[in-house]
Amino acid sequence: MEAVKKKMAQMREELRASEDRSEEYKEKCATLMASLESSENEVNDLKRKMTVTENDLMKVEDMLAETKTKLDEKENESDGLRRELTSTQGLNEGDASRVERLETELREARETLEQRETEVGDLTRRNTTLQRDLDTEEDKADGMRQKITKLEEKERECEELQRKIANLERELELAEDKGSEWKDKYLKAKEELDANLEELNDI
């Protein structure tokens, strides 16, 4: 009986330790789940920012291509005017005005082109930074998912151990009850035997 009681005490101690570990796993899992939710929100936010940046980049690239086309047209027109003036060897008032207008348009086109190229560079760098941040955040989220999976597995193992211990404890309690029953029967049988021996001694 002492061995049974000792075993039950040991199992209860193991059960308490398992419950403590299970609670610890649950707390860690809850903390990681909250961090994962925050990380996933950050991932979604970065994806939205990347979409906006990529759309802006495409628009600016289209505008850059259009500006380059206009600049090419103005440069061709300017070259044609220079050839025309060279061949006629003369510059009247209308020609001077036309040259001045073309020079102004060329200067503005070059400034616009430079501005568009700067915008494309800025947006490209921003997009690269966002992609790097997105990759980092997704790796972080994947790492947390793996940890959560391991913690959930540990939690299930603890719960399974708790069920086994509870079942064994019930079995030991039944064995203890039977042991008490057998002890009572033994004592009763011993009393009867002692009584019979006493009667025999009296004969």
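Modeller: Let's begin with a term: helices (H or I, at least four residues) and strands (E, at least two) are DSSP runs, numbered from the N terminus. By that count, the protein chain has 2 helices and 0 strands. What you see is a predicted model, in which local features need pLDDT of at least 70 and side-chain atom pairs count only at pLDDT 80 or more, while totals for chains, interfaces and linings use all residues. Residues are numbered from 1 along each chain as its sequence is written, and side-chain values use heavy atoms, leaving out hydrogens and water.

Now to your pocket. Rolling a probe the size of a water molecule over the atoms shows where empty space is left. In detail, a pocket is an open set of points on a 1 Å grid over the protein atoms alone, where a 1.4 Å probe fits, with protein on both sides within 12 Å along at least five of seven lines; its lining residues have an atom within 4 Å of a point. Grid points are joined across faces, edges and corners, and the volume is the space filled by probe spheres set on the points. The volume of the largest pocket is about 150 Å³. Its lining is made of M63, E66, T67, K70, K74, E105, E108, A109, T112 and R116.

Let's pick out T67 from the lining, a residue of helix α1. T67 counts as buried, at 10% relative accessibility (buried means under 20% relative accessible area, exposed over 50%, and partly exposed in between, with a 1.4 Å probe and protein chains only). Setting aside residues up to four places away in sequence, T67 touches A109, T112, L113 and R116 (a contact means heavy atoms within 4.5 Å). Among these partners, A109, T112 and R116 also line the pocket.

Side chains of opposite charge can pair when their charged atoms come close. The side chains of K74 and E105 form a salt bridge (2.7 Å, N to O). Because K74 lies in helix α1 and E105 in helix α2, this pair ties together parts that are 31 residues apart in sequence. For a salt bridge, a side-chain nitrogen of Lys or Arg must be within 4 Å of a carboxyl oxygen of Asp or Glu. K74 is partly exposed, at 23% relative accessibility, and E105 is partly exposed at 23% as well.

E105 has another partner: its side chain meets that of R101 in a salt bridge (3.2 Å, N to O). R101 and E105 lie 4 residues apart in helix α2, about one turn of the helix. The relative accessible area of R101 is 37%, so R101 is partly exposed.

Let's step away from the pocket along the helices. T53 belongs to helix α1 and is buried, with a relative accessible area of 3%. Beyond its neighbours within four places in sequence, T53 is in contact with L123, R126, N127 and L130. Of these, N127 sits in helix α2 and is buried, with a relative accessible area of 16%. N127 touches M50, T53 and E54, not counting residues up to four places away in sequence.

There is also a salt bridge between the side chains of K47 and E138 (3.8 Å, N to O). K47 lies in helix α1 and E138 in helix α2, so this pair ties together parts 91 residues apart in sequence. K47 is partly exposed at 40% relative accessibility, and E138 is partly exposed at 27%. Elsewhere, E40, D142 and R145 are linked in a network of salt bridges. The whole structure holds 15 salt bridges.

Of its 203 residues, 23% count as buried. Among contacts between residues at least 6 apart in sequence, 94% join residues at least 24 apart.
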